[in-house]
Amino acid sequence: MRDRTAVPTDELADRVSRLRTEVTGQVITRDDADYERARRVFNGNVDRWPAVIVRAADAADVARVIGFGRETGLPLAVRSGGHSTYGVWDDGLVLDLSALSALEIDVAGRTAWAGPGMTAVEFTKATAEHGLALGFGDTGSVGLGGLTVGGGVGYLVRRYGLTIDNLLAADVVTADGELVRADADNHPDLFWAIRGGGGNFGVVTRLQYRLDPVRNVYGGMLVLPATAEVIASFVEAAKAAPDELSTIANVMPSPPMPFVPEQFHGEPVIMAELVYCGDDIEAGKRAVAPFRELITPLADMVKAMPLADIYGPEDPDRRPITFARSLFIDDFDLAAAEQVLDFLGKATAAWPAAQLRVLGGAMARVPVDATAFAHRNREIMVVAAAVYDDVAETPVHWQWATEFTEAMRQGEGGAYANFLYMDGEERVHEAYPEATYRRLADIKRRYDPDNLFRLNANIPPSQ
Ligand SMILES: Cc1cc2nc3c(=O)[nH]c(=O)nc-3n(C[C@H](O)[C@H](O)[C@H](O)COP(=O)(O)OP(=O)(O)OC[C@H]3O[C@@H](n4cnc5c(N)ncnc54)[C@H](O)[C@@H]3O)c2cc1C
């Protein structure tokens, strides 16, 4: 077990004892029974041993933990849903916000205040009771905190934009421990920065969202054999679809799922998730028809359903060893589809995948400089992902993903901040084009001049 800390161990132990009396939430160290579970994050690639973990109970705890980070010099990892690779650090201080999961819905005003520790599926189920919803990502267990500050690209992106396009305000504890409201009128620069700039600027303790009127959607999974023609035509159809329809196409070798005929197991398929977001189910069927007509589906589970059902059941103890490497492109033709199949054929991971997300719609109608998420006018997000069995394999699969996405690159490339994993500093610049990056670095200088919040897709303060 590791035993290095920034302050002498005895001194740290004294400080931790004091901290236990100063916060309402739970303080966990290596001697506590909960330590093993508390240090765990979603990604099985991450196996780190922090010195102290604090499960904050409120904003006052958050401020105290930030102060503790300053006093001790321990590297401070902030996490909500724990789905990134930054949420725990060797010998560091973890500020765990999972307990901040309260939800207050204003049904008449169609808004909600939520804690960052709430998950996408919890929020979606709760607001569905009122016929309201908000778009998050494709996975129900992702936390609102990390997903929102990075952008939020999901099933309603073409209809209602990114998650941040529905963010009205946030309560933020800044690096000096002050609790501020950030919205269009208060701390507008901070509000701009936390909409895409990640966890660089402060710790969000509450988020206020606008909710959209969504009852049932027409959606679910469509599995198609993945020939180059079908992949290219799928992307064409997704581009031509009405804004109500958002799609996520996972091109991958078919897992041995009972609903896919056995002869296709291990063969390339498109496992597509489609969501038509509108009350008119017949219109949904019309929107999905072009995809069904591409080739005889291997499985068709697209139907009228509550939006929350798009989030399948998840095993809370599952910790897949995985990563994703993202890229934005504008054109996708038959040659690109052949390249996708070629790279999937070369992959040695147990489960490699190329994810194709056609963007546009509401997301693209927001001006590029309105928030810190600047890739709004790009047509498609490509994500090379791998799930595998042994952490030692990581460099090989990362090399594969890098070569794959570099081969697909068009012009400036680009990266999605929420899909940065082992990417280096230059990829943070790809997530934030020059003008955005400079503005973020200036705001960082004002709100976190010492770069206390640096365990993230880091933007150091401008000089
Ligand atoms: C299986 C899987 C599927 C995904 N699918 C999608 C998708 O479809 N669309 C999409 O947009 N993203 C997707 N993501 C990416 C996801 O949005 C990011 O990993 C996000 O950071 C996770 O948020 P979290 O709170 O769960 O993670 P955490 O690890 O808890 O947080 C991530 C980082 O965000 C910052 N942060 C977290 N909470 C706060 C807070 N309260 N205040 C300030 N900063 C904070 C911190 O820097 C932290 O290190 C997916 C990730 C996974 C693992």
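Select aspartate 333. In this predicted model, aspartate 333 is partly exposed, with a relative accessible area of 45%. Look at where it sits: aspartate 333 belongs to the loop between strand 17 (321–329) and helix 10 (334–346).

Which residues form a patch of negative charge with Asp333? Select Glu229, Asp331, Glu338 and Glu379 as well. Together with Asp333, these residues gather on the surface as that patch.

**A stretch named by UniProt**

Next, colour residues 46–214. UniProt, in an unreviewed entry, gives this span the feature "domain: FAD-binding PCMH-type".

**Salt bridges**

Side chains of opposite charge can pair when their charged atoms come close. How many salt bridges does the structure hold? The count is 33. Here are some to visit.

Start with aspartate 91 and arginine 30. Their closest N and O atoms are 3.1 Å apart, and the two form a salt bridge.

Move on to arginine 79 and aspartate 96. Their side chains meet in a salt bridge, at 3.6 Å from N to O. Arginine 79 is in strand 3, and aspartate 96 is in strand 4. The pair is 17 residues apart and links distant parts of the chain. Why does arginine 79 count as buried? Its relative accessibility is 7%, and buried means under 20%. Aspartate 96 has 4% relative accessibility, so aspartate 96 counts as buried too.

Now select aspartate 189 and arginine 446. They form a salt bridge, with the closest N and O atoms 2.7 Å apart. Follow the chain from one to the other: the partners are 257 residues apart. Aspartate 189 is in helix 7 (residues 188–193). Arginine 446 is in helix 14 (residues 434–447). Check the surface here. Aspartate 189 is partly exposed, with a relative accessible area of 25%. Arginine 446, at 52% relative accessibility, counts as exposed, because the cut-off for exposed is over 50%.

One more stop on this theme. Select Arg325, Glu406, Arg409, Asp423, Arg427 and Glu430 together. Salt bridges that share partners join these residues into one network.

**Positive phi angles**

Most residues other than glycine have a negative phi. Here are two residues with a positive value.

Select arginine 110. Its phi is positive, about 55 degrees, although arginine 110 is not a glycine. Where does arginine 110 lie? Arginine 110 is in the loop between strand 5 (103–106) and strand 6 (111–114). At 39% relative accessibility, arginine 110 counts as partly exposed.

Then select asparagine 451. Phi of asparagine 451 is near 55 degrees, again a positive value in a residue other than glycine. Asparagine 451 lies in the segment after helix 14. At 11% relative accessibility, asparagine 451 counts as buried.

**Sequence gaps and distances in space**

Pick C-alpha atoms for each pair.

Begin with phenylalanine 42, in the loop between helix 2 and strand 2 (52–55). At 23% relative accessibility, phenylalanine 42 counts as partly exposed. How far apart are phenylalanine 42 and phenylalanine 123 in space? The distance is 19 Å, with 81 residues separating the two in sequence.

Next comes methionine 252, in strand 13 (residues 245–253). At 13% relative accessibility, methionine 252 counts as buried. Draw a line to proline 268. The two C-alpha atoms are separated by 5.2 Å, while the residues are 16 apart along the chain.

Finish at aspartate 300, in strand 15 (residues 299–300). Aspartate 300 is partly exposed, with a relative accessible area of 36%. Leucine 224 is 76 residues from aspartate 300 in sequence. In space, the C-alpha atoms of aspartate 300 and leucine 224 are 8.7 Å apart.

Terms used
Residues numbered from 1 in each chain as written. Predicted model: local features only at pLDDT ≥ 70, side-chain atom pairs only at ≥ 80, totals over all residues. Heavy atoms only, no water. Patch = residues over 30% accessible without salt bridge, like charges linked within 9 Å, V, L, I, M, F, W, Y side chains within 5 Å. Areas by Shrake-Rupley, 256 points an atom, 1.4 Å probe, with all protein chains shown as cover. Salt bridge = Lys/Arg side-chain N within 4 Å of Asp/Glu carboxyl O. Lys, Arg positive; Asp, Glu negative; His and termini not counted. Charge placed at Lys NZ, Arg CZ, Asp CG, Glu CD. Helix = DSSP H or I, 4+ residues; strand = E, 2+ residues; numbered from the N terminus. Buried < 20%, exposed > 50% of the residue type's maximum accessible area, 1.4 Å probe, protein only. UniProt positions renumbered as here; feature names shortened; annotations may be inferred.
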